[in-house]
Amino acid sequence: MLNAAKVELGSPIRILVVEDEPVQSRLLTGLLEKMDYTVCGRAGTGSEALILARATRPDLVLMDIVLPGGMDGIEAAATLRDDLKLPVVFVTAHTDENYLSRARTTLPYGFILKPIREPDLKATLQMAIFAARADADRRRAEKAAAESDFRFRELFDNMTDGVAVYRPAPDGRDFLFVNINPAGQRLSQVDRDELVGRRLTEVFPGVEELGLLDAMGRVYRTGRPETLPLALYNDQRIRQWVENYVFKAPSGLVVTVYRDRTEQQRHMDALDMERQRVLKLLENLPGLVLLYQPQGGIVFANRLFREVFGDPRGLRCQDVFHDQNSLCPACHYPTLNDTESGSDMTAPDGRIFHVMDYPYTDVDGSPLVLIMGLDVTHLRRTEDHLKKSIEEKDVLLKEIHHRVKNNMQVVTSLLSLQAGRIQDPLVIQALRDCRGRVASMALVHEQLYGARSLARIDLGRYLADLIPSIVRSFPEAGRGIQIHTQIQPGLELGIDQAIPCGLILNELFSNAFKHAFPANRNGRIDVSAERTEAGDGVIRFSDDGVGLPLDYDLARTKTLGLSLVKNLAEGQMKGALARDPGPGATFRFQFPLTSKS
């Protein structure tokens with residue numbers, strides 16, 4: 001085959017010279033090179049010609065007919081034509097008809113008679129090159145057409161959509177079947193062999209009502225393709241939901257591509273029925289219900305929503321709630337974690353709705369946002385009333401604590417005045433002990449009056465005020481005593497435990513100041529409080545004074561102070577009081593923390 005691309009690009013034509021006479025071979029080579037051809041090889045026999053041709057792939061072969069050996073030029077030319085598709089021009093001195101008849105069977109591209117004249121060689125080669133290029137173009141076109149026809153046939157036969165080909169009927173009012181693919185036969189329940197040549201309206205009488213016949217006529221006249229939307233085709237034989245695409249082929253035939261959407265339509269009908277069932281349920285709910293797309297377009301609003309906000313059809317969520325053109329910056333597609341609290345919204349009619357957003361999946365799988373709102377107007381008004389009532393009671397309780405504290409301070413003042421008029425040291429000490437007890441209780445009410453909670457006090461803050469108050473009651477004894485406290489942060493007591501706890505510590509401090517450090521000796525007192533893992537409270541009081549007798553028994557104590565400590569710890573606080581070993585006196589009492597603590 002002549003390399004047409006090389007010819008078109010102006011590349012030199014490569015020629016193989018096959019001549020057994022060396023003088024003639026050199027003469028041909030010289031003439032060819034003079035004409036700007038390239039001699040890619042020279043052979044003296046038919047066998048050599050085949051070997052060189054396969055190795056060099058020339059664009060044309062100049063072949064002598066008579067060659068030595070077992071293969072002459074005619075046999076070699078036939079092989080080059082059949083196997084390599086190479087064009088051959090014969091060079092011969094013989095005009096015998098037998099030779100020429102055999103040579104013609106190889107379909108040569110020309111003959112040159114010896115002796116060779118340059119004009120004859122030039123003209124013959126030009127004609128041979130032109131003819132070879134034309135043959136190459138024709139073979140390429142035939143190959144391309146065959147490949148295209150194969151691809152079309154493969155596509156036509158294996159498409160899942162139905163494809164039918166028509167030509168216009170002679171009367172111009174109908175179309176005749178030319179071909180239909182296997183998918184079309186299956187979808188339309190027809191057989192191709194029984195269909196070809198018949199009228200479209202005869203096979204499918206419903207095409208006029210479907211609008212397909214008119215569309216095919218328009219496409220045939222204008223050449224512009226048309227798409228027919230999903231529609232129901234119905235006749236006595238079949239009933240199908242179909243989509244059609246119609247175009248005009250270059251050959252002038254009209255082609256329809258159609259798809260059966262019956263199952264899809266049944267599915268869509270079922271989805272629509274399910275959607276209507278859900279929307280009917282949402283329609284009559286006693287709360288606000290709104291469905292909208294993530295971009296804001298409203299899909300559904302129930303009866304109550306329409307009564308409160310009006311009919312939102314054609315609007316977006318932001319149009320209804322915020323009167324703006326785009327989604328709010330805070331708006332997003334919600335997750336289940338976003339639905340925990342919701343927010344209150346005041347409707348145009350003054351009602352208050354608690355609104356929550358939920359992710360919602362439509363029956364067809366598309367994401368939507370579901371807004372549900374409950375009327376909480378009565379609830380919020382009741383809450384406001386309760387808040388005001390609680391605030392009023394808080395003020396009242398603070399005032400009560402304040403007055404109780406003031407009354408107790410009056411009592412302590414009266415006890416102090418009375419002690420100043422008595423000479424008996426025992427009576428004075430008894431009055432001083434009573435004053436300390438009253439002061440410890442008054443301190444609880446004082447702290448509750450200024451605290452954020454009216455039911456609990458912080459133990460660390462309470463002791464920080466209580467201990468200096470006790471120390472001031474014993475100016476002589478408490479001067480040389482160091483007091484250290486270690487209170488767990490956040491440990492709080494309810495009022496039912498704070499008062500007995502204060503009385504217990506008051507008695508322990510008073511006892512230590514009176515008996516642990518005789519002759520005003522120096523010493524140390526440690527107080528600690530913590531919460532155990534079991535949730536109990538533990539208070540530890542210790543001093544490094546003279547201590548208690550070895551045979552001292554708390555259960556049999558006869559002193560008022562320690563008896564009061566034991567009764568308060570075990571009776572009122574439901575705890576346990578114990579004396580720990582060690583230098584000085586160490587008391588530890590453990591008690592359950594109440595819910596108020």
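Q: Which helix is threonine 377 found in?
A: You're looking at a predicted model, where local features need pLDDT of at least 70, side-chain atom pairs count only at pLDDT 80 or more, and totals for chains, interfaces and linings use all residues. Residues are numbered from 1 along each chain as its sequence is written, and side-chain values use heavy atoms, with hydrogens and water left out. Helices (H or I, at least four residues) and strands (E, at least two) are DSSP runs, numbered from the N terminus. Threonine 377 belongs to the run of residues 377–420, which is helix α15.

Q: Is threonine 377 buried or exposed?
A: Here's the scale: buried is under 20% relative accessible area, exposed is over 50%, and partly exposed is in between (1.4 Å probe, protein chains only). Threonine 377 has 7% relative accessibility, so it counts as buried.

Q: Leaving aside neighbours within four places in sequence, which residues is threonine 377 in contact with?
A: Contact means heavy atoms within 4.5 Å. With those sequence neighbours set aside, threonine 377 is in contact with Arg351 and Ile352.

Q: In the parallel sheet, which are the edge strands?
A: Two strands pair if DSSP finds at least two bridges between them. This open sheet has five strands, paired in parallel, in the order β2-β1-β3-β4-β5. Pairing on one side only marks the edges, and that goes for β2 (38–43) and β5 (111–113).

Q: Which residue in β5 is the bridge partner of valine 91?
A: Strand β4 covers residues 88–92 and pairs with β5 in the parallel sense over three bridges. For valine 91, the bridge partner in β5 is isoleucine 112.

Q: At about what angle does helix α11 run to β9?
A: β9 is part of the antiparallel open sheet ordered β7-β6-β10-β9-β8. Axes are lines fitted to C-alpha atoms (for helices, over the stretch in contact), and angles run from 0 to 180 degrees between N-to-C directions. Helix α11 (residues 212–222) lies across β6, β7, β8, β9 and β10, and its angle to β9 is about 5 degrees.

Q: Why do α18 and α19 count as roughly antiparallel?
A: Angles under 35 degrees count as roughly parallel, over 145 as roughly antiparallel, 65 to 115 as roughly perpendicular, and the rest as oblique. The axes of α18 and α19 are 9 Å apart, and the helices pack at an angle of about 155 degrees. That angle is why α18 and α19 count as roughly antiparallel.

Q: What is the handedness of the crossing where α18 passes α19?
A: Residues that meet here include Ile504 and Leu508 in α18, and Leu564 and Leu568 in α19. A crossing is left-handed if the near helix is turned anticlockwise from the far one by less than a right angle, and right-handed if clockwise. The crossing of α18 past α19 is left-handed.
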